[in-house]
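Please work through the exercises below with the sequence and the model at hand. Each task is followed by a stepwise solution.

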Amino acid sequence: MTNRPITEDDLHAYVDGVLEPERAAEVAIYLEGHPDAARRVAAFSDQRDLLRKALAPIADEPLPPQLDLSRIIEHRRRRPASLWWAVAAMLMLSIGGLGGWVMRGSLQNSPGGLAALAQEAADSYSVYAPDRVRPVEMRASDSAQLVQWVSNRLKQPVKLPDLTGSGYRLMGGRLIATSHGPAAMFMYDDDRGDRLVVMTRPMASEQSAPMAPHSGGDVSGFAWADGGMGYSLVGQAAAEALKPIANEVRRQARTI
Amino acid sequence: MNDMLGLIEPVIPALRRYARALVRNRATADDLVQDCLERAISHWNQRRAGDPRPWLFTILHNLAVNQFRRSAYRGKHIAIDDANEDDFGQEAVQEQKLMYQDVLDKLARLPEDQRAVLLLVAVEDLSYADAAKVLDIPIGTVMSRLSRAREKLQQEIEGTADGTTKNVVQLRSMK
């Protein structure tokens, strides 16, 4: 006997069968003397069995062709040729002046949309990035609380982009005010002390929009919207240098 | 490549089960799983070594949350009634089928975040630590949600929950 008191967590771990044998034995002894707890544990175990049995048939169903992994892989292999041409065509468009003009046009539409977001991100950069004393309210060391805090305020799960692969370390972040509600701002710096800002907030309009460049003053950036959330990455580096980082932020926000 | 096939394929039935228990619609669930598999293939090199199950569930779960968020934006909720009767317990005998249907209806009334924890832990056998990773929450939060989910489901089963019958799955995005 370890004499450690039995906790609520122990009871659940007992139900799920994940306790060490010695601890499970202690819980069993405890339950003998505590009929109320024993009744709850029995009920939770029944629940667990019932759920597993009720859902088991789904896992036994034959897989439809759309979930046949070999087929999916095969399908992807056949796709690259056409995809490549689409990418090439888009590249040529954006190199040409027309592409730039179209993008600028899309950024000037709808006041609550991407254009507003880009402006908010650029403004936040100008205010906070030059601050040498307190550029962020919560530091990187408190990143878990930071994410929790901004997720609560934005009422959306917010992911903290990891830009170490691009040479930028997280400094921390803060909540900022926009006329479209609260937004989360994360700040990063590289070995030379150059700073980047990633801003995100829920979008009332333009809930999904392709990535578009924006610039003003001595900062430039990229803004886009995905699944109802808008993003903008802003820095003083050249647009060509920021683009792959923006792509990385977008990739991370989309996956896992 | 074969390594990828061999590691992902055995998990697909469980991914389908989790998706369908979350969204309660066969077609929507299978679309989510397909999307999950596509992403898993294209990001295979970015996974951590070891058991791919938590990683696959993480991808699927995030896709499901996005799906919830999008349908919430459009104001389109997936009503329980939308779930095809045949979607559950097809091969069970009639009486069992009703009992299973009943517990799944009650499960659907749990808040989405509690339902996800209960499914990952009690049905999919993920460890508490892996469930915490999938949901991106501290393990303490996993335990408290698990506890609340079980208490609430038990109240529903014993019929002691408050009489308001809500026929619509709560679509809340998760913290």
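This is a predicted model: local features need pLDDT of at least 70, side-chain atom pairs count only at pLDDT 80 or more; totals for chains, interfaces and linings use all residues.

Residues are numbered from 1 along each chain as its sequence is written, and chains are lettered from A in the order in which they are written.

**Exercise 1.** State how many helices and strands chain A has.

Solution. Helices (H or I, at least four residues) and strands (E, at least two) are DSSP runs, numbered from the N terminus. Chain A has nine helices and seven strands.

**Exercise 2.** Describe the side of chain A that touches chain B.

Solution. Step 1: with contact defined by C-beta atoms, placed from the backbone, within 7 Å, chain A supplies 36 residues and chain B 50 residues. Step 2: helix 3 of chain A gives the most to this side, with 13 residues. Step 3: by class, this side has 18 nonpolar (Ala, Val, Leu, Ile, Met, Phe, Trp, Tyr, Cys, Pro), eleven polar (the others, Gly among them) and seven charged (Asp, Glu, Lys, Arg) residues.

**Exercise 3.** Determine how helix 3 of chain A and helix 5 of chain B cross.

Solution. Step 1: axes are lines fitted to C-alpha atoms over the stretch in contact, with angles from 0 to 180 degrees between N-to-C directions. Step 2: the axes of helix 3 (residues 35-60) of chain A and helix 5 (residues 94-108) of chain B come within 9 Å and cross at roughly 105 degrees. Step 3: helix 3 of chain A is therefore roughly perpendicular (65 to 115 degrees) to helix 5 of chain B. Step 4: Leu50(A), Leu51(A), Lys53(A) and Ala54(A) meet Tyr100(B), Val103(B), Leu104(B) and Leu107(B).

Definitions and conventions. Angles under 35 degrees count as roughly parallel, over 145 as roughly antiparallel, 65 to 115 as roughly perpendicular and the rest as oblique. Two residues are in contact if their C-beta atoms, placed from the backbone, lie within 7 Å.
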